[in-house]
Amino acid sequence: MIRRVSALLTVIAGVGALAVLAFRPPAPVVDAPPGEFAAGRAEQHLTAIAQRPHPIGSADSERVRDYLVATARALGAEVAVESDDVVVPWRGVARVATPHNVVARVRGTDPALSGGKALLLVAHYDSVPTGPGAADDGAAVAAMLETLRAVTTGAVGNDVVFLFTDGEEAGTLGAEAYVRRNGVDGVGAVLNWEARGSGGPVWMFQTGADNAPFVSAFGAASSRPIANSFAYEVYRRMPNYSDFTVFQEAGARGLNSAFIEHVHDYHSPYDDLERLDRGSLQHHGETMVGLVRALGDRDLRAGGGDAVYFDLFSRLLVHYPTWLAVVLAAVTVAALVSLLVLGVRSGRSRWRGVLAVAGVAVGAVVVAGALSFGVWTLVAAVRPGLGFLALSEPHERGWFVAGFCVLGLAVLLAAARVVRRWSSSDVVAGVLVVTAVLLVAATVAVPGAGFLFQWTLLFGLPALWTTRAAFLPALVAAAIFPPLVGTMTVALGMPLSAVAVVFAVLAGILLLPLLTAFRSWTPTLAVMAVAVALIAAGTVRFGFAPDEPRPDSLIYLQDAGGASWLSADPEPDEWTSRVLGGNPERVTLPYPMPNGPLMRAAAPALNLPAPTATLVGSADAAVRTVTFRVTPTARAWRTHVTLSDQGLRGCRLGATDLPGSTFELYGSSSREITCDLAPGTPLELAVTDHWPGLPTEAASLVGPRPPDTMPVQSGNRPYDAAVVRAAFRF
């Protein structure tokens, strides 16, 4: 018995390992036939694009834009630069910018095929101020240029538009400008491309409505069509966004894809060409070319409803209509109920035993999740340095991932030891009842997640006739769950690893009929010891080194009250303590400084150039109207304007109303703002320039960073900057 179970467990583990190993990008291709994608050719574009940070409004942004225009024209596309002022509300702040979108159109041979609707490929060419953006989103931009070249070698029926948006990192400003100017009536499908890290396979994680035809096309587009509809159910409940969000909210259909591994490089100086995984670039491009070929000769107006979909071994995309998923779920659950009733009537099972096993299985899931959460909380307390890292994600995360997986296995072994008191038929029926409840709940509340339980339950039904088939549902789960759980640990980060553990154990309860073969507590204790050892090893090994640096930051603040050093880091480190000291003051400052506590220490006056606000004109009548011009300094990339609320009735930029009293202006151009106030009310405002990176004048006071540190990534917490503030009254 033990020998058979061990053999089955080995096979199941092998299937799971194969699923994980298959989850990787294809090998990069240096050169290829003209109609195919080659990462080697795309890399030439990326070398030109990712030389330096190029955020919206910067001189380097103009350099990249000029390259895109020249290259797309040379490849035969019709190219236009669309420049529009936009005002986008963002968490109580009005973001004001002039994004410059590059629109390259390749005419199709039969544009009437889709009633004039085009296939739209989208990637943003701006980077954050803290990194050169080789992955985010230079890889997609370069891949689109190479795809444009490939498309012109063999035209398709529909027009194909390559949209290189500006200002995505500042809040999807370019996408907003494009939709406001053009709408989406001329768009048959949107294919958006992103990155959150510097490697890993391209993963289609979001779709729009009526997605079945696009999911089908995605399944045939590349050698590794990696996607699952559960991912979108998770993503749409998170506060994340991309350019695709703007098009989706405007009513467009399509797909959103990205690679997401190596998050430590994300939005950092290490998001460069050296660290970019060329396989990820290849996967981006071959998927793009494949989708253009698949959708370019198809009527993009055709519907098909929504689909449930998932990949097997990163090679085959299984997809079927949502209505069929409902039918399958109903039939499978009905079959389960019938077989359970027959089993109880024949004496093979007892309701009491079935429900007891189901209760133990649910308890195992809860205990595993709670243990994982508690263990990570303890690790974070023992290693407070994790707070410096984005998502508190340790560099050597593999120790913790393995440790939590083994911890889940230990809980399952303990649960198996508990359920041994009931018959094998009761154990099989109990875990299938839990799976059935999850299938019903998913089908009703989150249809895209139903596949996780549909196929394990369906393949588990034979085990209600003979327990010798009890390995089948676990075998199916091994093919589906491991890559998904691994992706969850990457996407959510180790602080939320308990969520991934819960899903791993939800699949793992299907092993309980096999694990009952182990009669003693020894395997449980041994596996638990391994889990503790792995997590302890990761905790002990955690530290910072030149190849695993600690992110830290310093901000030089200059305002009317004097100059200060600021940092939002958890604690001073070797570098920041040079100016902050070992026990700096803790303060909370008003906007535009970040929310939450900051460390502060006095700084010498450097007399950095400050932004200006000049009065253009004012008029007093029933309403006092004041027009002023804000002029940032040359080194600023973002300027904050904060107005006093007293008597303020509203402001506008040209003919566009500005919501609220707080604005962010992007770029170094002057802008005129007109405000209406109560009669006789003065207008008080503060204008604050944000310079990316410490200026030379401030950096020289701190000295060079130690080799085991790096600047904080944009989006994690405030990064190196000079903040220069001036106050005005009109």
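**Surface, size and burial**

Reply: The protein exposes about 27700 Å², and carbon and sulfur atoms supply 60% of that area. The model is a predicted one.

Me: Into which domains is the protein divided?

Reply: The division gives domain 1 (1–20 + 326–541), domain 2 (28–313) and domain 3 (547–729). The centres of domain 1 and domain 2, taken over C-alpha atoms, are separated by 37 Å. Between these two domains, 25 residues of domain 1 are in contact with 17 residues of domain 2.

Me: With what is leucine 464 in contact, leaving aside its neighbours within four places in sequence?

Reply: Leucine 464 is in contact with Leu336, Leu339, Leu340, Arg348, Val428, Ala429 and Leu432.

Me: Why is helix H14 called mostly covered?

Reply: H14 runs over residues 451–460, and eight of its 10 residues are buried. The buried residues are Phe451, Leu452, Phe453, Gln454, Trp455, Thr456, Leu457 and Gly460. Phe451 and Leu452 are also among the core members that touch the most others.

**Individual residues**

Me: Why is isoleucine 509 called buried?

Reply: The cut-off for burial is under 20% relative accessible area. Isoleucine 509 has 1%, so it is buried. The residue is found in the loop between helix H16 (497–508) and helix H17 (512–515). Leaving aside neighbours within four places in sequence, isoleucine 509 is in contact with Ala361, Val365, Leu412, Val431 and Val434. Isoleucine 509 and valine 427 are 82 residues apart in sequence and 10.0 Å apart in space, C-alpha to C-alpha.

Me: Where does serine 314 lie, and what makes its approach to alanine 22 a polar contact?

Reply: Serine 314 is placed in the loop between strand E11 (307–312) and strand E12 (316–321). A polar atom of its side chain lies 3.4 Å from the backbone oxygen of alanine 22. A polar contact requires N or O atoms within 3.5 Å, one able to donate a hydrogen and the other to accept it, so a distance of 3.4 Å falls inside the limit. Serine 314 is also buried, with a relative accessible area of 1%. Leaving aside neighbours within four places in sequence, serine 314 is in contact with Ala22, Phe23, Ser223, Arg224, Pro225 and Ile226.

Me: Threonine 172 and aspartate 210 have a positive phi; how do you know whether each is buried or partly exposed?

Reply: Phi of threonine 172 is near 55 degrees, in a residue other than glycine. Its relative accessibility is 6%, under the 20% limit, so threonine 172 counts as buried. Phi of aspartate 210 is likewise near 55 degrees. Its relative accessible area is 24%, between the limits of 20% and 50%, so aspartate 210 is partly exposed. Threonine 172 is found in the loop between strand E6 (160–165) and helix H5 (173–182), while aspartate 210 lies in the loop between strand E8 (203–207) and helix H6 (212–219).

Me: Which omega value belongs to the cis peptide bond from tyrosine 591 to proline 592?

Reply: Omega of this bond is near 15 degrees. Proline 592 lies in the loop between strand E16 (585–587) and strand E17 (598–602). The bond from aspartate 136 to aspartate 137 is also cis, with omega near 5 degrees, and aspartate 137 lies in helix H4 (residues 134–152).

Conventions: Residues numbered from 1 in each chain as written. Predicted model: local features only at pLDDT ≥ 70, side-chain atom pairs only at ≥ 80, totals over all residues. Heavy atoms only, no water. Core = buried A, V, L, I, M, F, W, Y, C linked by side-chain atoms within 4.5 Å. Buried < 20%, exposed > 50% of the residue type's maximum accessible area, 1.4 Å probe, protein only. Contact = heavy atoms within 4.5 Å. Helix = DSSP H or I, 4+ residues; strand = E, 2+ residues; numbered from the N terminus. Areas by Shrake-Rupley, 256 points an atom, 1.4 Å probe, with all protein chains shown as cover. Domains from an automatic or database assignment.
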